[in-house]
Amino acid sequence: MENAGRRAGLYTSAALKHASLVALALLAVFPLYWMIVTSLKPETEVFTSSLIPLHLTLDNYVHAWNAIPMGRMLTNSMVVAVIQTAAQLITSIFAAYAFTRWEFRGSSFIFGLIALTWLVPFQVIMIPNYVAISGFGWRDHLAGLIVPNIASAFAVLQLYNAFKSYPKTLIEAARLDGASDMGLLWRTIMPNLKAPVASIGILLFITSWNDYFWPLLVTTKLENTTIQKGLQMFISSDGNMWGALMAATTIASLPVLLIYLMLQRQIIDSFVKGGLK
Amino acid sequence: MSYEAVGMPRHAAGAKPKSKERKPFLLRLGRIKPYIYLLPALVSIGYWIYKPLLQTFQLSIYQWNLLPTSPKQFVGLKNFNQLFSLPEMGIALWNTLIYTLGVIPFSLIIPLVIAIATDNIGRKASNIYRALIFLPMIMAPVAVSSVWRWIMHPTNGILNKALTDWFHLSEPIRFFTDEHWAIWSITFITGWKLLGFSTLIFSAAMTGINKEYIEAAKIDRAGSFQIIWHVLLPLLSPTILFMLMMSTLFASEWSFSYINVLTQGGPFNTTTNIYYLLWTYGFQSFNIGASSAAAAVFFLGFGVLAWLFMRLTRKLSFFDN
């Protein structure tokens with residue numbers, strides 16, 4: 001009797017656990033589901049609340065693709081995100097290597113300077129940076145989007161943690177074998193840190209792809225900007241073209257969603273470990 | 001910002017023995033090596049973060065309209081004196097407080113409750129839930145704005161349709177244009193994006209807790225609430241403080257994109273916040289002096305807050321072991 005009651009209690013508590021998680025999952029996923037569903041509905045059906053599209057169509061995608069220079073903006077976003085990610089990885093690999101390999105004067109001060117950048121909100125430094133970019137003549141230019149972001153304090157800190165976990169004795173051994181500093185970095189350490197470097201790289205790529213603020217500031221023409229800024233201009237320009245807008249939104253999210261589909265576990269882990277900004 | 005990084009300068013600051021004896025020439029040359037490796041990152045961070053930070057302080061004592069051809073006029077501390085009498089400053093500060101407090105249920109309270117309630121749920125199920133609830137975090141803010149704009153549209157959005165069906169509203173809620181609703185809509189979207197992420201942060205912290213503490217409390221016949229209050233919450237306090245600090249420091253930064261895409265600070269400035277104000281001063285009214293002075297004050301203010309939080313975290317960090 002008591003046993004059955006206790007088992008029932010256990011079941012209820014398990015059911016409650018799952019119910020709360022299912023509710024949370026629904027809240028998280030429904031907007032994305034609704035985005036995709038709306039984008040696939042024909043114009044006549046967009047304003048109905050049917051939860052599944054009855055007649056699938058790609059009209060909205062065609063419309064969105066023609067309404068704004070989508071291909072051009074996607075290319076821009078890809079170029080910016082790839083170059084930026086690569087540059088951030090390289091600069092931070094070198095920096096993390098310097099911090100772990102040598103003891104040198106001012107290392108903790110320099111490390112502090114890098115770590116404390118998270119206290120500097122973008123909005124506080126945007127005007128001088130905007131002036132600098134204008135001075136270089138890089139407004140409406142991909143260089144203006146990329147160059148200010150070739151180093152990432154976040155990446156330096158994350159890679160520093162990864163490098164620190166690499167055994168010092170192995171470095172010493174390679175050094176005694178006559179490895180040069182560069183050789184040590186690229187042939188001894190890096191092959192063993194592929195996994196953390198890759199997940200930090202993915203995080204940097206997503207961040208760069210999703211960035212909206214800096215393109216908002218330094219680009220004006222649709223052909224010269226990234227897909228996020230383009231999407232924002234599409235949002236504010238259209239009247240009631242919800243199907244097309246959802247199609248454009250889906251396209252803009254697709255690369256990140258695909259990466260997430262393949263690598264969610266690594267992405268979640270590095271986000272939870274890595275942080276917010 | 002990194003969870004570990006907050007505490008990191010501490011580790012890095014550990015005293016390093018410095019040898020005073022004279023080294024051969026080659027070794028001394030070798031001493032500049034670390035600086036060479038650091039150079040690319042340092043130059044970039046220095047040029048694009050610290051230099052503009054100093055320039056912001058410099059610009060705060062000038063009057064300027066952003067045109068390269070027009071001269072900057074030195075005005076001393078006038079920008080600072082006028083700061084709090086500027087239009088919208090009062091409401092922007094008030095709204096910042098609303099955003100900060102409004103985000104806390106999403107970044108702290110609900111995640112904490114769910115993480116505690118759903119600890120040890122079975123690995124497979126938990127992986128599926130994790131993948132789903134984390135999804136908003138990787139979405140671009142503009143895409144998120146776009147989707148919620150559609151869902152919360154007054155006449156055609158599915159949310160208003162559902163609400164009308166369920167509660168027989170006399171008229172739909174204008175989520176982004178009604179001055180009583182707009183700020184809560186933006187707060188909700190900001191929180192929605194954080195909810196899953198924060199839950200996973202707390203879940204990870206729960207997993208890290210040594211279960212022997214809970215067993216010991218159970219043997220002492222402690223009830224569930226006693227365990228939560230006297231065992232779990234103290235053990236989770238570093239994470240709680242961390243999320244609280246993040247919410248306080250960044251709620252206004254996180255909400256910026258949604259404000260800019262969805263309401264532009266309106267209706268009647270009811271959704272503007274201090275960071276959005278910097279944006280409008282700088283790039284709409286071209287009052288660079290006011291924007292820079294406000295930026296300087298907010299930067300210092302948040303710096304003090306961050307320092308206080310970190311001191312508090314350090315004080316509580318003995319729970320860690």
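Let me begin with a term: a residue is called buried here if 20 or more other C-beta atoms lie within 10 Å of its own, with C-beta atoms placed from the backbone. Please keep in mind throughout that what we are looking at is a predicted model.

Chain A, to start with, has 14 helices and zero strands, and its radius of gyration is 24 Å, well over the 19 Å that the globule rule gives for 277 residues, so the chain is more spread out than a compact globule. Its C-alpha atoms fill a box of roughly 75 × 70 × 35 Å along the principal axes, and 44% of its 277 residues count as buried.

Now I would like to turn to helix 8 of chain A, which covers residues 153-164 and reaches 16 Å from its first C-alpha to its last, close to the 16 Å expected at 1.5 Å a residue. Nine of its twelve residues are buried, so this helix is largely enclosed by the rest of the structure; among the buried ones are A:Phe154, A:Val156, A:Gln158, A:Leu159, A:Tyr160 and A:Phe163.

What does A:Ala96 touch, leaving aside residues up to four places away in sequence? The answer is A:Val156, A:Leu159, A:Tyr160 and A:Phe163. Both A:Ala96 and A:Val156 are also among the residues with the most contacts inside the largest nonpolar core, which has 150 residues.

Finally, the contact between the chains takes 79 residues from chain B and 77 residues from chain A. On the side of chain B that touches chain A, the largest share, 16 residues, comes from helix 3 of chain B, residues 33-59, and the residues of that side divide into 56 nonpolar, 15 polar and eight charged.

Methods:
Residues numbered from 1 in each chain as written. Chains lettered and ligands numbered in written order. Predicted model: local features only at pLDDT ≥ 70, side-chain atom pairs only at ≥ 80, totals over all residues. Core = buried A, V, L, I, M, F, W, Y, C linked by C-beta atoms within 7 Å. Contact = placed C-beta atoms within 7 Å. Helix = DSSP H or I, 4+ residues; strand = E, 2+ residues; numbered from the N terminus. Nonpolar A, V, L, I, M, F, W, Y, C, P; charged D, E, K, R; others polar. Expected span 1.5 Å × (residues − 1). Rg over C-alpha atoms; globule rule 2.2 N^0.38 Å.
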